[in-house]
Every structure is written in structure tokens, then in C-alpha cells.
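Hello,

Here is the structure I promised to hand over. Please open it alongside this email, and then read on for what was found.

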Amino acid sequence: MPKHLTTLTALLFALTISAQSVRQRTTQYYPDGNAFTCINGNNRFTRALYGSIAEWRLETSDRPVFATFKKNDYRNIRFVVSYKGKSIQLDSTDYCEARYINARRDYLLRDKRWGNGTLRLSVLAYPDAEGAIWKFTATGFDDNLWIEQLMCETRESKFSRSGDIGSFEKPNAFEAPLEPKKLKYVKQRISHDLYFMFDGEHISADASITSARRYNETKEHYDRLTSSVSFTTPDPYINPVGCALVAAADGAWSGQVWLHGAVGWRMPLPGWRAAYMGDFLGMPDRQRIHFDAYAKSQVTDVPVSQPHVMDEENNLARGAYIWGTPMYSDGYICRNPERNNQFHHYDMNLVYIDELLWHFQFDADTAYMRKMWPVIKRHLAWEKKTWDPDGDGLYDAYCCIWASDALQYNSGAVTHSSAYNYRGNLLAARIAELIGEDGIQYKKEADAILKAMNERLWISSDAEANHWAEYQDFMGLKRVHKNAALWSIYTPIDCEAGTPEQYYQATRYVDSAIPHIPFAADGKEYYTLSTSNWSPYEWSINNVTMAEVMHTILAYYQAGRKEEAYRLLKANIMDFMYLGRSPGNFGQLSAMDEALGEGYRDFADVTGISSRAIIEGLFGITPNALYGECIIRPGFPESWDSASIHTPYLTYSFKRVGNKDVYDIVQHFKQPLRITIRQNIGNGEYKDTAFSTDTTQHIEIAHIDYKEEAPARPTPFAAPMGTAFNDIKTKACRTVNMDGLFNSNVTDIFKNKYLTPRSPYTTLCVPTQGIGDWCSTKRTANIDDTKLRSMVKNGLLALPVGNNTLPFRSTSEGNNIAYVSLWDNYPDSISISLRGKAAHAYLLMAGSTNPMQFDIANGVVIATYTDGTEDQMELQSPSNWCPIEQDYLENAPAFPIPEPRPYRVGLSTGIVSRSLFHDSAAKPKKAVCNIDGGAAILLDMPLNPKKKLRSLKIKALSNEVVIGLMGLTLQ
């Protein structure tokens, strides 16, 4: 009977959540009303206050020490208090309570040297200029109190990520140098209130009415801005998030577009999820400005005049920058606003258009829809011709979502890009209907996409939780890659490319198949999610990120799973906003990220999708203006009996009275929408009750009580096939002569040029050297088998395995491996004639793989007996197939690997170990375990000892990989 490895998605974790090592973390901040508060905190220069639309910002700390950031102009600002002959730097007082609230930082200071004296200060960035103002209030001092402000250059003069937090910046970069060269200071005596100002160049201080007015006007501006969105819930950790959302969004506004980030990556880019926040946070005027600016970036005068062309300079890993090719032609949206003549290596059209369609769900303004209709039409035509050139209804994905680096599908049929195109076509058909255009072709395309997704990408035929696959190969054997990342679950749910039952089932897949990363603080345990369980690590392929978890949370709410959604939401908020280094932070990378740790602040992609996860998810506000309604589907935990939300377009309060849910709703949409209350009834299903379009409504509706099914939990890994090695009998081993089959040196693997077969279309794929990705097109690896060859004596290579020795026939000169591949450089299979019987086939192998071939058979070993029967051993990453240039990361929750690990053989060291990288005492570099010189892999394939052998075949199954056999020994 054939033996196959069990797929990893069905047997995900080696340990369940409860048995994992739980990282203990320190709570940095606590909620107090709408404030993020700390006492005697230690984080310095980690909470930015954003001023005007310029890049200038003020960095604040948990104690009153500050810095300003503007490119090539960085200042450190600190204060010294003199009282009764003693001077104290304000960042070293005995007691400091710091609060981040309404886009300002407040401090309450006490010190034993002040007696009963208390000093309060607040700082705000000017909303209309580059600068800041500090207000000091002194009480309880019985002698003269002097405050001195000192400003100088910062310790570092260059920043790699604009001074953002993370491993990429030098520690203490914003601190003052020990010997400042540009020191300025101003000193004033304070009796009650005193103001210090920085105008972008100079510092000053006074207690004037003018300064008081400037401070009050600035404070009133931010109080008004940040109070435009507010949350009131039984959970105090949720309540401050509303004003923090608005402040972060305001920091990412350039005056023309939503920027990629408020701090790091502060640049215009049309894609990713930033622009969702404009509508969900009630800033429609900014939305129109943003959408109009990028509408002018759409190419309109470059018809297709060239075939699909790949970039030879980048080793055919991505499309060439040539106008007139399908990618760079009419419909493409360029990276900068109001410029439609720039190349860029992303498809940022998809999410920009999705955000535009959401704008119409808030305001179905037919005049604006007519204005933007040509933009939508050109976009959909461009997507079709470029990413579905074979017309099968499923689309390739070309850097079209946040997870884009190293995410490459080689012209495959991809779930997330197909889902976005489904929603785009479906809503285009509706818009066409409303403005009197012909939308039949768009409805037909939407139907074709949905049909193809259900037939080819929906997995429902095995023991795994039903879900969408990651993609289906276009090349080679056209196999379906079942192991889906988060984006392949939340995107079709968010785009409504399925049924409520499918949404529910797909989130159950996340429960069981996506690593849950545990952490604890203050005696409470939480867990967050990695984006996938794929390895080996590449940036954006497997990280712990706030935005990806937030989008998954939204999908859980959309699937009616409010309890699990809330657990993930609370954990995500705690992770970044309270346990992280920056209070109220919408950060990109979690401290739980294995590769990089905590990184970035107020990244606009995070702010945008967080606004949806909380407003649309937790509070359930889902405008559907294209159909004249607004759905309210609250996602409150069953334990909550009240909550309320205020936004510029809709405010409501909820309370549970007996067996009734009571809502008081006030709407302010430009066109009143019919209010529909959607109630979850279990397993993704729901009940809708429609009410009126009245501005003010009081609604009482019977509460539906149902018990949400407990989350699916991971199952421990089954032991991988071929890694046991528990029955080695050296004297019973006989080596197999396969000299005539050797077709290469093992070191040739990344020296070749793999030119065919390649997709005829523009796509992202492995470069011609057989290693790397579209962002690392020149990558290679040092493969050196000098030591291994030196160990060959009289044609035999003896490898120590545990307490035994395994002999293999090998050579010290010439070709020493038989490579197979779906690349034309090598045959796709080799067959070795065998005789006699054996209980084991020991294989010495080496080859390549990459994260896009994770959890799928890269190749297969087939033993055929003389009676025609077969045994098979699939070579599956990471169970028993490893990349020659590196090892898999061990003991990392986001990168589960089954045990026992296969033996690796260091080609340049001759060392044999199940933990070769670990045993070398090297440290992973950003979760990458490179093995200098490369490593082979030893496998132990069980055979039927009662049957006579005829042959053993090695066959390649995955595209873009190479499988090699260096030696075969039977026992």
C-alpha cells in the first residue's frame, strides 16, 4: 500500500497552545479613560506627535525628554528645573506619570527635593506649522522655581528608517551628545503657568496671553479632531483606541494623499490598506482628494504594443520596465500622485480600487461615481489583460497586498487577487446600473471568478478544515497549494467571495493551521497569529504583524465568530498599544515577530485596517450605500451588556435589557441609509431585520442567544516519513552503483541558468540562478563539497549516524549527484535498477526549495517491486526536504517543524547532525539559518522486506526546485 506523508495543515503544531513556552512580557502602559498611561516609564522617543502635513514631528518619551525629526535637521530638547539651589533634569524625577491622550503628551512630576511641589506639563505639536508648545503649571513650591529648556543636535545624524523604532536604528539615536556643538537654551522663572515654544528653528519661553491662546487653540484643535471617533465599552483597554486611531490617521495625511506611514515609510504609495481609514474615521473630504490625486496617476495613453517581457537584468524574476507591455500600459496606476509616467514594481491598483469602492458604500454619489467610472473601467481591463491573460477567471498576484516581498506565484491562480477582482467586478456592475452604464460584462466576470474559485481553489475534499487554497500552479503539474496564509482566508471573506458557511469554515482553518503565538502579561495569557506557517523565512512571508492580525479579526467578525474575534482583538491591542514601546501604537511588527521583533509606529496600512476591524468588526457598522442600507452587526462578547460608538457618520448606543437588545441610533450619512440589524445565529449564519432610513431610531429587538463553538485547536505533528534511522545495521548495508546516472556536481545547483520552461506572461518567480526571489534577484549561496569529497575513500563515503555508520558509494572527483527538475536543465526523473530485497533504502540527497513550495511534495521517491506494487516517500518541506543552503529555524512557534528532524550532512564540514545549524553555534540572521558550504540530507525510506525490488525512481514535482540524489544504500 502506498505510503504518503500526512499534510502539515492537518497536523500543524508539535505542541498545542497550552503546552507552548509562553513569553512573559511587561505591561508598559495602562488605560485611564481615553489615555495611555505609565508611571516612571523607561521608553524614550517612542511616541510621536504629528504637526502640520510636513514630515516634521515631535518625539516624546515616558519622561519629559523630547526630540524633533525633520530630514537632515534633528534636535534634542530637554528641561532642567532649579529649585532652592538644586538642579534636576526633568527626565530623572522620583515620580513621573505620563499620559498619551488626544494627540498630546501630559506629565505629572514630583520629587522629594521639591517638598510638596508638583509640576505638570503638556506638550502639543502645532497643527499648522513645524513646531511645538509646552505648557508648565507649578503648584506647592514655596521658593523660586526656574525652568531651563536646552536644545541641541541629536547623537546620531543619519537614520535608516526616519528614526522609527526597530532593530534598524541605532540605540540612543535621539539622545543629546555628551558634548553638544549646537547648544541653545532659554531659562524662565515660573510662578504658575509658563509656556515654551519651538518654531522649527528657535526656542523661546514666556507666560504671555498670546502663548496661552496659542496653546489653548492647539489643544482645542486636537481635542475636537480626536473626539470625532470614540468608543465606550466595558473593556477599558479598548476605549482609548478611538482617539489614537484619529491621531495616527492625521499623522499620515500629506494634504494630498494618505501616506504609506506616519513615521517610517513616510511616502506616497497608492496601495495597501491606509485609505480605508478616511471613510471609516469619517474624513470623506480627504478621501476625495486622495482618490482624485491617484486617478491622475493612472496611465491613459499607452496602449499595449509589446508582449509580456521579463526583466533580464533581474534574472527574469519580475517584469521589465517597458512602456507598452501589458503591465505598463493603460489602466496601470503609478506610485506618486498626479504623475502617470512612473514605473513601479507593484500592482497597487487592486487595493486602491477596493478602497474607492468602499467610499461609494459610504456615499453612493452618482456624480462622483460617473467621474471615477473611467478609472474603474481602465483598472478592471488592465487587471484582466495583465493578470488573467489565459482568461480562466483566476488571477495571478503581482505584489498587490502588504505581504508582497518574496510572495511569488509564477503565473498561478491566486486566491487573494482573484477575490479582489471578484469584488471589483461585482460592484462595478452595480455602479454601472446606478449611473446608466452597461455593466453586464462585469457581472459575467464576477460570476466566472466565483465559479472558478469554488471549483479550483476551495478545499473541501480532505480531512482538513474547509478553506481556500493559497494558489494553483500555472506551470508544471498544475497542483493546488493547500497551505493558505492569512491573506488567502481574510481576503475572500472580506470581498464576500463565498457563502457564510464558507467564511465560518475558513476561519476554523485559521484556528487549526496558523501558528498561535502565546504571550502573557500581568498574569493573563494571550495569543496572536503569524501570517503563515511557511518556511524557510523570507520577509513578509511569515511575520507577526498588527495589520494582518487585524484583517483576520475583521474576517472572524464577518464570519459571525465574535468571541474568538474579540480574543484576538484584545491580544493584538495589548501586544502593540500597551505592552509595546510606544503607547497607542499602530505598529507594523510585533515584539513576538521571530525575525525582527517590534518595529515601526503608526504604519498607515495598520491604521486603515484597524479602523475597519474595530468599527466594522467589533461595532459592526457596515455601510452598504450602493444598495441603500447600513448593516449593524455588533461583535460584542456575550458578556458585554452595553457599549456605544460615536463617528461623524453614525452614532449608536447598545444595551441589553432582559432578553432584548436595545439600540439608539443617529445617522449622518449624506444620503440616509436603511438601518439593518444583523444578528449572529451560529456557524456563520445570521438573521437580518430591516428598519427605516430615519435619522434617529430607537430599536428594540429580541436577543438571540447562541453558544459559539469553541475554536478548533491544532493537532500535533505526525512523525515525518524518512527521518527515523532507528534500525541501522551497517554490516547489512549494500551500496548501489549509480555512477552512470550522476549528471552534475552538487556545487552546480546555483551556478546554472534555469531559463526554461518559464511562464509566457509577466509574473514573479525564482531568478535564473535557481535561488532568491523577485526582491533578491542576484542572491546566491556558497555550496562547497570539498570536505565531503575528501572523505571518500576507495569509492566509499562513510557517514556517522548516531552510533552507527552508513556507507554510500560516491566519488572524490567528477559528477557526484543526479539532479532532477521540472527545469529543462535536468530530466524530471531518474530511475535506478535494483535487485534483491531490502527493509530500508538510505538516501543521501541535496537540492533546493523555497517558501512557495512549503507543505507540498517537492518531489517523490518511488520504490517499485517486481510484482508491480510501489512504495512512495514524498519529499515535503519542511518534514523531510530542506534547502541545500540553509536549515529550518528550530524552537520558533511561527515556524513549526515536525520531529524527528532529518539528518543533515555539512558539505564543507562533513558533520552529520539533526540540528546542523544549531550545532555549529551560529546564530540565525533574521530567522535565516544559512549553512556555509551547504548541506545534504539523509533519509531512511522503509521498504517491504518480503518483496523483490525492481527500481527506485526520483521524480521532481514542484516547479522551480531541483532534487538531487548523491548516494543510495540498501539494507
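**Two helices in contact**

Y222, L225 and T226 in helix α1 meet C243, V246, A247 and D250 in helix α2. Contact here means heavy atoms within 4.5 Å. By class, this contact has five nonpolar residues, one polar and one charged. Ala, Val, Leu, Ile, Met, Phe, Trp, Tyr, Cys and Pro count as nonpolar; Asp, Glu, Lys and Arg count as charged; the others, Gly among them, count as polar.

A word on the model before we go on. This is a predicted model, with residues numbered from 1 along each chain as its sequence is written. Local features need pLDDT of at least 70, side-chain atom pairs count only at pLDDT 80 or more, totals for chains, interfaces and linings use all residues, and side-chain values use heavy atoms, with hydrogens and water left out.

Helix α1 covers residues 209-226 and helix α2 covers residues 241-251. Helices (H or I, at least four residues) and strands (E, at least two) are DSSP runs, numbered from the N terminus. The axes of α1 and α2 come within 8 Å and cross at roughly 115°. Axes are lines fitted to C-alpha atoms, for helices over the stretch in contact, and angles run from 0 to 180 degrees between N-to-C directions. The two helices, α1 and α2, are therefore roughly perpendicular to each other. That term covers 65 to 115 degrees; under 35 is roughly parallel, over 145 roughly antiparallel, and the rest oblique.

The largest pocket holds about 1,000 Å³ of space. It is lined by 43 residues, and the closest to its centre are D405, Y537, W539, S540 and K926. By class, its lining has 20 nonpolar, 13 polar and 10 charged residues.

The pocket search used a 1 Å grid over the protein atoms alone and a 1.4 Å probe; a pocket is an open set of points with protein on both sides within 12 Å along at least five of seven lines, and lining residues have an atom within 4 Å of a point. Grid points are joined across faces, edges and corners, and a volume is the space filled by probe spheres set on the points.

The second largest pocket has a volume of about 650 Å³. Of its 31 lining residues, E496, T622, N624, I631 and R678 are the closest to its centre. Which helix gives the most to this lining? Helix α7 (residues 415-435) does, with four residues.

**Sheets and a hairpin**

Four strands form an open sheet in the order β38-β47-β40-β41, with antiparallel pairing. Two strands pair if DSSP finds at least two bridges between them. The edge strands, β38 (829-833) and β41 (870-876), each pair on one side only. Seven bridges join β40 (residues 857-865) to β47 (residues 949-956).

Strands β7 (residues 73-83) and β8 (residues 86-89) run antiparallel, joined by four bridges. They form a hairpin with two residues between them. K84 in the turn has a positive phi of about 55°.

Best wishes
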